[in-house]
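Okay, thanks for coming, everyone.

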Amino acid sequence: MDNKAHPLNSFNVNEKGYYGDFGGAYIPEMLYPNVEELRQNYLSVMQEEAFQKEFQQLLNEYVGRPTPLYFAKRLSEKHNTKIYLKREDLCHTGAHKVNNTIGQILMAKRLGKDRIIAETGAGQHGVATATVCALMGLECIVYMGEIDIKRQAPNVARMKMLGATVVPASSGSKTLKDATNEAIRDWINNPTNTHYIIGSVVGPHPYPDMVARFQSVISKEIKNQLQVKENREAPDYVVACVGGGSNAAGAYYHYLDNPKVGIIAVEAAGKGVNSGESAATSALGKMGIIHGSKTLLMQTHDGQITEPYSISAGLDYPGVGPMHAHLYASGRAQFIAITDEAAMQAGLELCKLEGIIPAIETSHALAVFETKKFKKDDVVVINLSGRGDKDLNTYIDYFNF
Amino acid sequence: MNRIQSHLNKDKKLLSIYFTAGYPNLGDTVPILQSLEANGVDMVEIGLPFSDPLADGPTIQASSTQALKNGMTTQKLFQQLQGIREKITIPLIIMGYFNPVLQYGVEDFCKKCHEIGVDGLILPDLPLAEYQEHYQEIFEKYGLVNVFLITPQTSNERIREIDSASNGFIYMVSSASVTGAKKGFGKDQINYFERISKMNLKNPQIVGFGISNAQSFATATKNANGAIIGSAFIKMLSTKGIEGIPEFVKDLR
């Protein structure tokens, strides 16, 4: 976790809650007291020694951090470059999501909240939220699109076993964006005792910054681990998949202001960027407002938000965190769109070469080698954001195992 | 004095109706407006439908989804409202979410409203600070009133700030909730209505959210200058259509 003030002209958020032209808090007045309370308190709470101690201890002993930075020898040989995998898939609950939910549940307790709400798409963030609520003994309500509930039955069962109430979002397209709308409506209806644990670097300021800071432990560890392994803190490239973008924000965080580090963001092209079934927001989106944030957004000419598509439920979001919109617009990061097919093949390749079954979200990042060639002595860090257990059915259906 | 201010100066409790443009049928916008005025409604909020209306309950969500399916767009709404000032005189406000306005172009949108004779806008997700920094000048250039919301959780200090930034009325959200008819008001709401009334704000207050019948209208307007009915009106339209308007309005007062 990083609790320092951001330097000026940084790629981080400014004092008004913007990353360049993106960000802000476009929220109805009903949410203003809650979001303002969080904005006024989040940095000072994070700076408390007791908070940091508790957060660190839980990350170490409960989540299992630091996660390894693993040199992938066979994958490196195959692609003729030096590839390191940051093993977020080894976190408790199977993905990086829990770094954020641990931080936010501690924040919620400091703010005196006893009821937690969250949205979830594939169910990973829902499970990570239900987990920390069980840990802290707080009431947990998870909103999930009706369609996703049917697609992700094992995660629904996990949340219920962990004591959470799963509420179907039956409005709109009945997927992640609608689950987010429902969570926001719940917060409007419960303005005093409830904290909303947003699962990514999206939503109104200060959420994108707060979530990025909680996830920044990823790049903090990469720096230390690379120092030991390569005698340098900074890789030549850091690569991550971007849906909302929380694992990417964490992996980039400590390298944002170091121009020597190439930042690569991999989005889901679905069946092809121009196929009409895609989630490649940077390529297809225009500046707009979604879930309280001004960012790049897939929408109609008339400003109606459109439904994205990806084989990976975690990348299936019509917007992108405002930090990433700024990294794209400023040219700081290179954005690559990877199709379902390329991602699935890259996921399978990692299984065969390294004995690691990645989440399909992560498989998109692994497919970077299909479109970009690196030099032999480049150090490329891929954030292995999650494990593939949750995706077994999709892998089975796709490859007919 | 703008049309909203002059209407609010009248010595009666103002009845305002919200409906979603393009619902139940695409072409209903103008007939609904004419019927509302003919039946004594004092002001109308025309809802510009949005795919993700996060401050709205199920009724307005469903009407928005249907309106979009029917083909309603910003441009279409402006086409329908062309010449509306030859037909009706009551104040008209467009209420919607900020993204469609942003995509149309804020200045183009305001200009078009001015040309048509729309008097004001309610954009719940355009916050006060953003408005003041980026858009207030444009709204004022085209003589548009921007209406802000307050809720029972809004601090007195912020209410004063909103009051000084307003030039039409303040939209008092009755309780911590999204839109959608509830049954009457409890003690908390009545205390809130009285608290705001005692603040002696420069702008009149109109209460919205949770008003569905004559009783809740009377309670809401005991202290405030008027009240807005939305979801209950849309529910009525769903079953009875435009023909149901006279009876619906008559039953409210």
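**The interface between B and A**

So, chain B and chain A bury about 2800 Å² between them, and carbon and sulfur atoms give 53% of that. Three residues stand out here: Asp52(B), Leu54(B) and Gln103(B) supply 22% of the area that chain B buries against chain A, more than any other three residues. Keep in mind that this is a predicted model.

In terms of contacts, 37 residues of chain B touch 33 residues of chain A. We also get 21 residue pairs in polar contact between the two chains. Which elements of chain B are involved?

Now, how many salt bridges cross the interface? Three, by the rule. One to look at is Asp52(B) with Lys177(A), where the closest N and O atoms are 3.0 Å apart.

**Salt bridges within the chains**

Over all chains, the structure holds 30 salt bridges. Take Lys113(A) and Glu37(A), which meet at 2.9 Å, N to O. Lys113(A) is in the loop between α4 and β5 of chain A and Glu37(A) is in helix α1, so this pair ties together parts that are 76 residues apart in sequence. Lys113(A) is buried, at 7% relative accessible area, while Glu37(A) is partly exposed, at 25%.

Then there's Glu54(A) with Arg110(A), at 3.2 Å, N to O. That one links helix α2 to helix α4 of chain A, 56 residues apart.

Over in chain B, Asp119(B) pairs with Arg85(B), closest N and O atoms 2.9 Å apart. Both sit in loops, 34 residues apart. Asp119(B) is buried, at 7%, and Arg85(B) is partly exposed, at 21%.

Back in chain A, there's also a network of salt bridges linking Arg65(A), Lys86(A), Glu88(A) and Glu221(A).

How many disulfides over all chains? For Cys91(A), the nearest cysteine sulfur is that of Cys241(A), 14 Å away, and Cys91(A) is buried, at 1% relative accessible area. For Cys140(A), the sulfur of Cys133(A) is the nearest, at 3.7 Å, and Cys140(A) is in no disulfide either. Cys140(A) also counts as buried, at 4%.

That's what I've got, so over to you.

Conventions. Residues numbered from 1 in each chain as written. Chains lettered and ligands numbered in written order. Predicted model: local features only at pLDDT ≥ 70, side-chain atom pairs only at ≥ 80, totals over all residues. Heavy atoms only, no water. Contact = heavy atoms within 4.5 Å. Buried area = accessible area lost by both parts, 1.4 Å probe. Salt bridge = Lys/Arg side-chain N within 4 Å of Asp/Glu carboxyl O. Polar contact = N/O pair within 3.5 Å; in protein donor to acceptor, adjacent residues only side chain to side chain. Disulfide = S-S within 2.5 Å. Buried < 20%, exposed > 50% of the residue type's maximum accessible area, 1.4 Å probe, protein only. Helix = DSSP H or I, 4+ residues; strand = E, 2+ residues; numbered from the N terminus.
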